[in-house]
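Please look over the sequence and the model below before reading the briefing. The notes that follow are grouped by topic.

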Amino acid sequence: MSVATFYVDICGCGWISLHFPARNVLFLPRHCNPSSPRGSLVPKGITLQHKVPAGLDRKEAEVYRHLDPERLPKHIAIIMDGNGRWAKRRHMPRVAGHRAGVAAVRSTVETAARVGIQAITLYAFSEENWKKRPKSEVDFLMGLLSRYLKAEVPTLNENNIRLEYIGRQQQLPDDVQERMEWARQSTAQNTGTVLTLALNYSARSELVDAFRSMLDAATKNGGAEHLQIDEDKISEHLYTRHLPDPDLVVRTSGEMRLSNFLLWQLAYAEIYVTPTLWPDFRGVHLLDAIAEYQKRERRYGGLNHGDSHAHAEVAKAQK
Ligand code: FPP
């Protein structure tokens, strides 16, 4: 089928393209309001659509076209789960699942950066993993993390991604801590997506550390009687003080648990659970999660739009 592409500039803010007849799609620059009168040059029956970011593959682009780029979650947190099951199904050792999980990390993070997600936080290693898994598996994960950081820094820089960590890093092996610090500094100049790896992380330990840090700050600032506690103060002393709270939390492998992950910060997050095992997860699955997120109505304990309208009507009638 032949496709003709016409380029026009309807609002003076950049070129758009009209593709006929394959998709009948009009690509608009983000800031261009399709409902403005100047958009009325759009022929009837043609769908308005935003521009697909460079670098998305065909499947990702297909999902992205249905997203509203103005309502992307600012911060996505992911509980990467199912590596062991993925390996077991293939009669492979558990660590093979972790190794395969690296490709999922790469694809997910790159896609997040390409579509302009401000922050993505990955639960890579919990304090409980550290204490309860065999030493050989823990050692393997530490080695995998070190190799990932060394190999991935150039790609993180190409994608303008800044690396951060949360968790009790001081308990990790010295050589791993050194590699982590090197990778953090090597990406510190980047201004795009913030990739935060949760390593030796526990939400309850984070709260304990935050309370200790608040008390410590008050003591240095004239004594414990200067201790001020409110929600903002607690947030300022969490490991995640550099981040907005996540809007969306994704968990792979079908488990319906938060597993001690960002318990304070996830208070109002939308939860998305997929049966996909982490090593099979890719950027397109992240976009599926965002599509589901965009269908939800976030209420923060309030009423939904229809109910609040009805409520206003009742209040009016009672006057
Ligand atoms: C949970 O699967 C996953 C982990 C404990 C480790 C996550 C690590 C990776 C994805 C690999 C690399 C990550 C980075 C950042 C380099 P599980 O072992 O609990 O799976 P199961 O529940 O099926 O046993």
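The protein has 10 helices and 10 strands, where helices (H or I, at least four residues) and strands (E, at least two) are DSSP runs numbered from the N terminus. This is a predicted model, in which local features need pLDDT of at least 70 and side-chain atom pairs count only at pLDDT 80 or more, whereas totals for chains, interfaces and linings use all residues. Residues are numbered from 1 along each chain as its sequence is written.

**Sheet**
- Six strands form an open sheet in the order β7-β8-β6-β5-β9-β10 with parallel pairing, two strands being paired if DSSP finds at least two bridges between them.
- The edge strands, each pairing on one side only, are β7 (162-166) and β10 (270-273).
- Within this sheet, β5 (residues 75-79) pairs with β9 (residues 248-251) in the parallel sense over four bridges, and Ile-76 stands opposite Leu-248 in β9.

**Ligand surroundings**
- The ligand is surrounded by 20 residues, of which the closest are Asn-83, Gly-84, Arg-85, Gly-101 and Tyr-148; a residue is near a molecule if its C-beta atom, placed from the backbone, lies within 6 Å of it.
- Two or more residues of the shell come from each of α2 (83-89), α3 (94-115), β6 (119-126) and α5 (135-158), and α3 gives the most, with four residues.

**Burial and contacts**
- Of the 319 residues of the protein, 31% count as buried, meaning that 20 or more other C-beta atoms, placed from the backbone, lie within 10 Å of a residue's own.
- Among contacts with a separation of 6 or more, 68% join residues 24 or more positions apart, a contact requiring C-beta atoms, placed from the backbone, within 7 Å.

Definitions and conventions:
A residue is buried if 20 or more other C-beta atoms lie within 10 Å of its own, exposed if 12 or fewer, and partly exposed in between; C-beta atoms are placed from the backbone. Two residues are in contact if their C-beta atoms, placed from the backbone, lie within 7 Å.
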